[in-house]
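Colleague: I am new to this structure and would like to learn how to read its features one at a time. Could we go through it together?

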Amino acid sequence: PQMSIDVVSIFPEYLAGLQLSLIGKAVDRGQLSLNVHDLRDFTFDRHNTVDDSPYGGGAGMVMKAEPWALALEHILGGGSGAEEGDSLPSAGTDDAAVGSKPTLIVPSPAGQVFDQRIAEDLAGRDHLVFACGRYEGIDQRVIDWAGEHFELLPMSIGDYVLNGGEVASMVMIEAVSRLIPGVIGNPESLTEESHEDGLLEYPIYTKPANWRGREVPEILLSGNHAAIARWRRDRRLERTAEVRPDLLEKLDDLSKDDRAALE
Ligand SMILES: N#Cc1c(-c2ccc3ccn(Cc4ccncc4)c3c2)n[nH]c1N
């Protein structure tokens, strides 16, 4: 596969949704391999304990280190099925063989904020591993240990508080996997979309031309493709200025026409 993704969680069924729709098809087509691992499979006490109280006191519980190290070692050892599943282990594609470490993404409120640039960077990698924490998070020594075996990326999906890393991992996996060539049906639809070139997308319409007395903008029915492109660009600029002026400030290649649209 072009990319293999492993996810470790105490709620593996949370990730079942990824098997559906786009990602499911890419997996069926062998473009993507997705393996979800239950952290509790790497505990051996009667209660499959994954957490304990924090040293130094404080509220909540901390995820124990050992189960995480065992789960991640299983994945490093090829336990993700990516290598086992390959028809012919073609030389050089296996991360370990070529020395490039797999990428370990650790969702965390204290991580770097995920965005489309990061999604594009991750889409070019061979092996992504997502460590979904719960409780107050994971014993720091796991992160320190993992740094020796993975390229480590603590990542946040935004400035709001979640209860764990599963939803964040699904967000990142969806944003990344749709950028893998062939995974999303129509590659053209990846070009003029929000955040692709720093502007929000233009308003879209489909039949009927008149819906409950509301018309489609005349220009879109004109067949004048240059005028339509200009109209769409103007709507993108207007919308971005209105909703996300912060994005506009980052743009430095606005044309004369662009500036006119923003007047
Ligand atoms: N990505 C991401 C996130 C998370 C997140 C991610 C992993 C974990 C594991 C445990 N928790 C709960 C918790 C722990 C400490 N402080 C607050 C909440 C998580 C939250 N919250 N908000 C985001 N944007």
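Colleague: Which residue in β6 does I105 stand opposite?

Modeller: Please keep in mind throughout that this is a predicted model. In a regular strand the side chains alternate between the two faces of the sheet. In the present case, I105 stands opposite F130 in β6, and β5 and β6 run parallel, joined by three bridges.

Colleague: How many bridges are there between β5 and β7, and in which sense do these strands pair?

Modeller: Two strands count as a pair if there are at least two bridges between them. For β5 and β7 there are seven bridges, and the pairing is in the parallel sense; within this pairing, Q112 has M155 of β7 standing opposite.

Colleague: Let us turn to the ligand. Which residues come nearest to the ligand?

Modeller: The ligand has 18 residues around it, of which S156, G158, Y160, L162 and A168 come nearest. Sorted by class, this shell is made up of nine nonpolar, seven polar and two charged residues.

Colleague: Which polar atoms of the protein lie by the nitrogen atoms of the ligand, and at what distance from them?

Modeller: A pair of N or O atoms is read as a polar contact when the two are within 3.5 Å. In the side chain of S156, an N or O atom is 3.1 Å from a nitrogen atom of the ligand, while for L162 a polar backbone atom is 3.1 Å from a ligand nitrogen. I157 also takes part through its backbone, where an N or O atom lies 3.4 Å from a nitrogen atom of the ligand. As for the surface of the ligand, 500 Å² is exposed when the ligand is taken alone, and the protein buries 87% of that. Two elements, β5 (103-113) and β7 (151-156), each give two or more residues to the shell, and β5 gives the most, with three residues.

Colleague: Now to R125: where is R125 placed, and is R125 buried or exposed?

Modeller: R125 sits in the loop between α5 (116-123) and β6 (127-131). Buried means a relative accessible area under 20%, and R125 is therefore read as buried, since its value is 18%.

Colleague: What does R125 touch, leaving out residues up to four places away in sequence?

Modeller: With those sequence neighbours left out, R125 touches Q2, M3, T103, E151 and L153. With E151 there is also a polar contact of 2.7 Å, which joins the side chains of the two residues.

Methods
Residues are numbered from 1 along each chain as its sequence is written. This is a predicted model: local features need pLDDT of at least 70, side-chain atom pairs count only at pLDDT 80 or more; totals for chains, interfaces and linings use all residues. Side-chain values use heavy atoms; hydrogens and water are left out. Helices (H or I, at least four residues) and strands (E, at least two) are DSSP runs, numbered from the N terminus. Buried means under 20% relative accessible area, exposed over 50%, partly exposed in between (1.4 Å probe, protein chains only). A polar contact is a pair of N or O atoms within 3.5 Å; within protein, one must be able to donate a hydrogen and the other to accept it, and residues adjacent in sequence count only if both atoms are side-chain atoms. Contact means heavy atoms within 4.5 Å. A residue is near a molecule or strand if one of its heavy atoms lies within 4 Å of it. Accessible areas come from the Shrake-Rupley method with a 1.4 Å probe; for residues, only the protein chains shown count as cover. Ala, Val, Leu, Ile, Met, Phe, Trp, Tyr, Cys and Pro count as nonpolar, Asp, Glu, Lys and Arg as charged, and the others, Gly among them, as polar.
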